[in-house]
Amino acid sequence: MRDSFAGNCKMKTTVALLLLGLMISAFSQDANRLSVNDKKLPVGSDDMRAIEAALKSSLPAARNATVCLELAQGSGSGVIISADGLILTAAHVTGGVGKDITAILADGRKIKCESLGLDSETDCAMARLSEKGPYPFVEVDRADLTKLGDWVFSLGHSGGYDKERGAGVRIGRLVKIADSTWQSDCTLIGGDSGGPLFDVRGRLIGIHSRVGANLQQNMHVPMREFLRHWDEMLKGEFIGEGPFAKKPKKGSGFLGVGTEETAEGKLRVTKVGRESPAEAAGIKEGDVIVKIDGAAISNKENLQKLLKEKAADEKLMLVIVRNGKEKEITVRLGEK
Amino acid sequence: MKWKTAIMMIVACSATARAFESLESDYRTNGSLMHAVVTRANQSLQEFSAVVYDGKKEIGYGIVITEDGYILGKWSELKNAGALSVRVGGELYDTVEISAQDARWDVCLLKIEAGGLKPVVYADSSDIGQGSWVVANGATSRTERRPMIGVVSANSREIRAEGGAVLGVEIKEEKSGIVAGKVPEISGAYKAGIRDGDKIISVGDREILKREDLVEFMKDRRVGEKIEVGYQRDGVDQKTLVELMGRADTFGAEESRNDAMSGDVSKRRSGFPRVIQHDIGGTSKTVGGPLLDLDGKCIGMNIARANRAESYAIPVEELRQISQALLDQAKK
């Protein structure tokens, strides 16, 4: 009886939500839409001023949420979309899951950041700022309200972070809409990758991905591609086998310890490689490895089997015993 | 700037069989129909912008500043021209004199034999705010300049010389002291008479004994500054005045990934005391003309196409001073 009631209730909610969804989309189609967007061309300076006014009022908040992302291999851009520091960027910027990134905010603050999941087929990626916030953020256009020809603007830290300059704004129109890629005539350059494309109201509609040789060929990943795999990316999944990020190969991870099995059936570290990931994490000769990622370790075979499943750059949680005391150590694996 | 640390992929835009919607090119931000939308700026472009040619080749643009034919242009793009001619409106003028120049700002003053030209109308201020519309010349025909639109992109600021300001001598540290190695002919040092093998004794009021002395002195110098250099040749001490240039402009710079993406950019694109940054595209040959607001007033002079996404203009406040100083210099 109770179960069926619960089920019934759920169904009702679902129906209500669907209806609500329809209503929202029906109303929000034009709620905040700039009327010039419905003209093929702006007519005279009044229309031009209307575009300019909208852009100028959206710009400060948009700029405050745009960040530069620095990685070992170079720098790209990203945009903060929640007060607690969730960032959207491009997969070819983060290059993988769980990567260490330094984010530079508009005001120059440097904050540690880690990449979450990505979609290697479409160039979507997420990252999260490690400190709590609150951060300046922008609203995501979840309702997919943008149409071909709409006036849009892009921001990004072209060529890297430059405090005196700030993130450069470029204006354009949405000139092509294809399945998983939008094209605008806002010119992009290296360092803009992962940066935001906005409608003139300042809603996030795309993430910069790549350019063609022509100034008009500036490609962005639309929000609908992010929304398609939102939860998986939040959970840190590596999606697809596309060109924008290379899936880490299992077994490519390198720890850098020599071990021996003790008479008591334990695994003891006998050697720590110089400049190895193990050394960097603070593992010492004589440590006894008890657990890795929750799995009990008691011999070499356990360890080897576990490492076979791990790739370079993955993080391991080790429990070790040193001087009779248990200690937790996190190691980021290197490349074999 | 950290060009080498920039991530962006270039892809060939192959035709795709999948369905897509596309905006006709005439309606795009710089499509052919846009000139009708910016009528006042377009009119200004036709009136007081100039096209500069070397023979038949278009090499730059200019701003008409007096009714009797004084015109501002980008010095580094024009100075090596063999046969200068200038077009204003539909009229071609083939007697052109370079009457004055300002190396620091890379601006020169041209004079054509003309009368009754409509001179530039300056805006009161260049501080119109980021995201404001701006208009500049794109391509040109015999009778018409084509307007291109964009916005003010970033903070107005100084663009330091790429690699810093230099005298223009390669430094050799020898037992006797600091000796000039290669001195490129375009450098300030060469023009001031310094040659390979001269011993550098002093710069400004500082004695030079080792490399660090020179490095320290040059640290906060700017392009266009004139520095007195003491040097020794064949045992005789001499003094000369060297005008500083940017390192990349003197010795050349390696092409970065972003340069490869940018196409034809200005050779001199750094070492400016202050610029407005905007996003209007173009090439090294479309620089030198006015940057206009929607009312057709001049808020600056386009001075460099820096890369695919960035163009620089001299703000009107400085431009008025430069233009007055050049006129004074020419009429002396």
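Predicted model: local features only at pLDDT ≥ 70, side-chain atom pairs only at ≥ 80, totals over all residues.
User: What makes strand E14 and strand E15 of chain B count as a pair, and in which sense do they pair?

Analyst: Two strands pair if DSSP finds at least two bridges between them. E14 (residues 171-174) and E15 (residues 177-180) of chain B have four bridges, in the antiparallel sense, so they pass that test. One bridge partner to look for is B:Ala180 in E15(B), which goes with B:Ile171.

Residues are numbered from 1 along each chain as its sequence is written, while chains are lettered from A and ligands numbered from 1 in the order in which they are written.

User: How many helices and strands are there in chain A?

Analyst: Chain A has seven helices and 21 strands. Here helices (H or I, at least four residues) and strands (E, at least two) are DSSP runs, numbered from the N terminus. The C-alpha trace of chain A spans about 85 × 65 × 35 Å along its principal axes.

User: Which residues does A:Ser209 touch?

Analyst: Two residues are in contact if their C-beta atoms, placed from the backbone, lie within 7 Å. Leaving out residues up to four places away in sequence, A:Ser209 touches A:Ala90, A:Asp123, A:Ser193, A:Met219, A:His220 and A:Val221.

User: What makes strand E12 of chain A mostly covered?

Analyst: Five of the five residues of E12(A) (residues 218-222) are buried. A:Asn218, A:His220 and A:Pro222 point one way from E12(A), and A:Met219 and A:Val221 point the other way. E12(A) is joined by five bridges to E11(A) (residues 204-211), antiparallel, with A:His208 opposite A:His220. Those two strands form a hairpin with six residues between them. Strand E9 (residues 182-184) of chain A also runs antiparallel to E12(A), over three bridges, and there A:Ser184 stands opposite A:Asn218.

User: How do you know whether the span of helix H2 of chain A agrees with its 22 residues?

Analyst: The expected span of a helix is 1.5 Å times one less than its number of residues. H2(A) (residues 44-65) should therefore span 32 Å, and its end C-alpha atoms are 32 Å apart, which agrees.

User: Where in H2(A) does a kink lie?

Analyst: A kink of about 40° lies at A:Leu59, shortly before the proline A:Pro60. The bend at a residue is the angle between axes fitted to the seven residues ending there and the seven starting there. A:Leu59 is one of the buried residues of H2(A), which also include A:Ile51, A:Leu55 and A:Ala62. Among the elements covering the buried residues of H2(A) are strands E1 and E2 of chain A and strand E10 (133-140) of chain B.

User: How many residues of chain A are in contact with chain B?

Analyst: There are 49 residues of chain A in contact with 45 residues of chain B. By class, the chain A side has 16 nonpolar, 20 polar and 13 charged residues. Ala, Val, Leu, Ile, Met, Phe, Trp, Tyr, Cys and Pro count as nonpolar, Asp, Glu, Lys and Arg as charged, and the others, Gly among them, as polar.

User: What domains is chain B divided into?

Analyst: Domain bounds come from an automatic or database domain assignment. Chain B is divided into domain 1 (29-158 + 262-331) and domain 2 (165-250). Their contact takes five residues from domain 1 of chain B and seven residues from domain 2 of chain B. The centres of these domains, taken over C-alpha atoms, are separated by 34 Å.

Notes: Buried ≥ 20, exposed ≤ 12 C-beta atoms within 10 Å, placed from the backbone.
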